[in-house]
Amino acid sequence: MRKWKARLLMLSFLCGAMYFAEQRYDYFRLRGLEIVPPGILPDATVWQSVPRSAERFWPSLVLNKRKFVMEIEGSYPVEMKLKATGWGKYMVRIVPLEPMLYLSWNSNMWLVSSNGRMWRADLQSNASVKGLSLPKKPILAWDSGLAMPINPDTQGGGIFRSSLPIAKIKKWYDMIGEIGWEDDVYCVLAKKIDGRPVVQLLLGAGDGSAGELVLKEDTENWASLAVALGKVFPGTAAAVPKGMVVNATYADSMTFTVTSRDKR
């Protein structure tokens with residue numbers, strides 16, 4: 001019993017000493033945040049998201065790490081990592097997201113990153129992020145008949161986690177580039193026809209100067225289709241006449257039909 005009393009007294013003494021040291025010397029205060037690389041976000045923006053409890057008791061930032069990171073990543077198109085580097089010191093690494101493409105959905109234009117984040121192209125916080133590059137690929141239009149591309153429950157403050165099939169979409173754009181259609185396509189439209197998901201390529205410069213290609217969402221037959229199409233319309237994909245629609249969604253990868261847009 002005496003041993004427990006002695007230990008309790010010793011513990012009380014240590015706690016009292018630590019409290020006295022903290023009050024006199026601010027021993028547990030947050031001493032610094034090293035933000036690397038500098039300038040991606042204003043330093044003040046990062047500091048404003050630091051929990052107040054961490055200013056007086058720096059370990060609190062570790063305990064609230066997830067909340068701290070999510071507050072920044074939910075409001076700005078960046079990825080952020082936090083690491084303790086010493087007593088009361090942290091390193092915050094911030095990297096801009098890499099927008100993969102523009103997405104037209106729900107009457108708005110969005111940006112979609114290669115890691116599956118999605119946010120409005122006119123989001124005000126875009127201007128605060130240094131080094132945010134804008135995509136040059138053809139716009140992806142997401143039809144309203146398809147599954148919603150975002151989960152509203154994952155919103156932090158304007159940046160969403162997308163539910164888009166990113167890997168599949170990358171294959172569409174990679175194949176467009178491999179075939180040599182990238183300069184001929186101004187919009188990639190994902191939609192359903194008769195309940196089947198398809199990819200419709202709108203050709204030309206966005207002024208209706210060329211036709212359309214309707215393809216299976218599986219890119220396996222796209223290359224062979226390009227060869228067959230080149231025999232009918234020599235030159236680039238934009239050689240498909242204005243108002244004409246090439247439907248290549250048949251089971252036979254070498255079969256396609258050409259119809260007038262007005263007669264579909």
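This is a predicted model: local features need pLDDT of at least 70, side-chain atom pairs count only at pLDDT 80 or more; totals for chains, interfaces and linings use all residues.
Hi everyone, let's start with a pair of charged side chains: Arg-120 and Asp-122 meet in a salt bridge, with N and O 3.1 Å apart. Arg-120 is partly exposed, at 30% relative accessibility, while Asp-122 counts as exposed at 54%.

How many salt bridges does the structure hold? The count is 3.

The next one joins Glu-217 and Lys-168, whose closest N and O atoms are 3.3 Å apart. Glu-217 sits in the loop between β11 and α7 and Lys-168 in helix α6, so this pair ties together parts that are 49 residues apart in sequence. Glu-217 is partly exposed, with a relative accessible area of 26%, and Lys-168 is also partly exposed, at 33%.

Then there is Glu-73 with Arg-117, a salt bridge at 3.2 Å from N to O. Here the chain positions are 44 residues apart: Glu-73 belongs to helix α5, residues 65-73, and Arg-117 to strand β6, residues 117-120. Are these two buried or exposed? Glu-73 counts as buried because its relative accessibility is 13%, under the 20% cut-off. Arg-117 is buried as well, with a relative accessible area of 6%.

Now let's move to the nonpolar side of things. In soluble globular proteins, nonpolar side chains tend to be buried together. In this model the largest nonpolar core has 39 residues, and the members that touch the most others are Leu-103, Leu-140 and Leu-201. Which helix gives the most to this core? That would be α6, residues 166-179, with 6 residues. Apart from this core lies another one, of 28 residues, including Ile-40, Val-46, Leu-61 and Ile-72.

Let me stay with Leu-103 for a moment. Setting aside neighbours within four places in sequence, its contacts include Met-109, Trp-110, Val-112, Leu-140, Trp-142 and Leu-164. Asn-108 and Pro-149 are also among the contacts of Leu-103.

Leu-140 comes up again in the strand pairing. Strand β4, residues 99-105, and strand β7, residues 139-142, run parallel and are joined by 2 bridges. Leu-103 has Leu-140 as its bridge partner in β7. On to the next pairing: β7 also runs parallel to β9, residues 185-193, with 4 bridges between them. There, Trp-142 is partnered with Ala-190 in β9. Which of its residues are buried? They are Trp-222, Leu-225, Ala-226, Ala-228 and Leu-229. These buried residues pack against α6, and also against strands β10 (196-203), β11 (212-216) and β12 (244-248).

One last stop is Thr-45, in helix α2, residues 43-48. Thr-45 counts as buried at 13% relative accessibility. Leaving out residues up to four places away in sequence, Thr-45 touches Ile-72 and Tyr-76.

Key. Residues are numbered from 1 along each chain as its sequence is written. Side-chain values use heavy atoms; hydrogens and water are left out. A nonpolar core is a set of buried Ala, Val, Leu, Ile, Met, Phe, Trp, Tyr and Cys residues joined through side-chain atoms within 4.5 Å. Buried means under 20% relative accessible area, exposed over 50%, partly exposed in between (1.4 Å probe, protein chains only). Contact means heavy atoms within 4.5 Å. Two strands pair if DSSP finds at least two bridges between them. A salt bridge is a side-chain nitrogen of Lys or Arg within 4 Å of a carboxyl oxygen of Asp or Glu.
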